[in-house]
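Let's take a walk through a protein together. Have a look at it first, then read on.

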Amino acid sequence: MSKHIKIFDTTLRDGEQSPGCSMNIQEKLEVATQLERLGVDIIEAGFAISSKGDFESIAAIAKKLKKPIICSLCRTVKADIEMAAESIKLAERQRIHTFIATSPIHMEHKLKMSPDKVIETAVSAVKYAKSFISDIEFSCEDAGRSDREFLVRILTETIKAGATTVNIPDTVGYQTPDEYGALIRYLMMHVPGIDTIDVSVHCHNDLGFATANSLAGVLNGATQIECTINGIGERAGNTALEEVVMALKTRADIYNSHTTINTKELTKTSRLVCTVTGSVVQANKAIVGANAFAHEAGIHQDGMLKERLTYEIMNPEDVGLKETKLVLGKHSGRHAFTDKLNELGVQMTSEELNKAFERFKKMADQKKEMTDQDIEALIADEASQSQEIYHLEHVYVVSDSAKRPTATVQIRKESHILEEQEEGAGSVDAIYKAIDKIFGESFNLLDYIVQAVTGGTDALAEVVVRLKENDRIFTGRNADLDVLTASAKAYVTAINKLLDQRGKPRIKPNL
Ligand code: KIV
Ligand code: ZN
């Protein structure tokens, strides 16, 4: 009989920890809502004690979502566990996930604890967590480099203490698939009671083995996979959700397993995570890369025209890819636009809808074809900008190949408008200098990335900007027919997030 493999999504915790992937509460809620639609079994919503923002977003997700289990991470420390329990108390289905390192190198250098003390601490933590709720996951951090006999001891004791899931992370991505599969098999054979609970795999991708290792774990008895959308995460990332899910589905003959994921939502979820974090998926990335289903070579195209199965092992529609050219145009009315939003699974208030429709009409006037991707980019902008305090009112650039360009920018806060002008090395430099002048400070620009949403010279330009302040990264993203407008708006979005985080009133009295 086919085995149910639980999908434990940690995009909002392990994924969000990676540089450039931080999200605010609103963005985390948006991703969590899409993860629920995708059908994940468990959402690890954050690490409650790590920051006020993390705690609040876990609590908001716990309150809003009904179907998945909402999980909160904590160390094996009382205060952490209390905070984790508090953060998920409004969730219909709750899980506390507590972890401690078990490898000699971590126990000696990081924890400075003896192995016996680590076991004692883990057992007390599981028992304490159990006093709040029944669903407790215990993780042996750096299990991949831990002594097997020690893992058997600590897992035996934590299961006795009440753990209902045990997780075996390859924290540093060191294991090979054969080795990791053998480790899971060994634990399945030697830990009493392990077959009565869930065994989870959690693999990092430092050697590019994360997907292969997770699947090796499944072949050897694991019943849960921890993963992130697009494989985002610390260093080289975590196991990519879309890869393990499609591998289990496409090679059910090998794995004899299934998940409850609605695979038709995979592409959309991947794009949402890119939009919200400003991260970019490489074109040749399995399942969700732009070229994952593209056939370029003549011999492949010829084969495809004769029979799709010659070169395609998955149906693009199964991952939610649709050939959607020319979906809407300038003659499309409000009704068609609303239908399209429904089809794309976008929910809006009528006020948001009015604004989005107005913007769509303006764009459709200038651009012949509005594809699904164009509309998704437009909607994502509307959603992020609706929260903003400062808005780009106007940008005007004079650019001449013989002279330095000059930008004039207007920023609005409610009914106040401030204008400044600056020269720059290029047009974007001039715009950003003018914006800095308005805000009275020079923001620390970490990244500026431009890409076209679709093909053609009338493609929407998508700009991602990352600003850095005190080790925190603030991402702004915008799509517009004009690359300079998109650049200015993305910068203003990132500034809004940064200023919101500072929580202080603006320096310039007139803004
Ligand atoms: O990689 C890891 O070990 C982790 C644990 C906290 C589960 O992310
Ligand atoms: Zn991890």
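Here is a short tour of its nonpolar cores and aromatic pairs.

## Ground rules

This is a predicted model, where local features need pLDDT of at least 70, side-chain atom pairs count only at pLDDT 80 or more, and totals for chains, interfaces and linings use all residues. Residues are numbered from 1 along each chain as its sequence is written, chains are lettered from A and ligands numbered from 1 in the order in which they are written, and side-chain values use heavy atoms, with hydrogens and water left out.

## Nonpolar cores

The largest nonpolar core has 86 residues, and Ile154 and Leu187 touch the most other members. Here, a core means buried Ala, Val, Leu, Ile, Met, Phe, Trp, Tyr and Cys residues joined through side-chain atoms within 4.5 Å; buried is under 20% relative accessible area, exposed over 50%, and partly exposed in between (1.4 Å probe, protein chains only). Domain 1 (3-277) and domain 2 (293-320) each give this core at least three residues, with bounds from an automatic or database domain assignment.

A separate second core of 29 residues includes Val428, Phe443, Val492 and Leu498.

## Aromatic pairs

How many aromatic pairs does the structure hold? There are ten. Rings of Phe, Tyr and Trp (its six-membered ring) pair if their centres lie within 6.5 Å; planes under 30 degrees apart are stacked, over 60 edge-to-face, and the rest tilted.

Tyr128 and Phe132 are edge-to-face because their ring centres are 5.2 Å apart and their planes at 80 degrees. Tyr128 is partly exposed at 22% relative accessible area, and Phe132 is partly exposed at 37%. Tyr432 and Tyr448 are edge-to-face too, with 6.1 Å centre to centre and 85 degrees between the planes.
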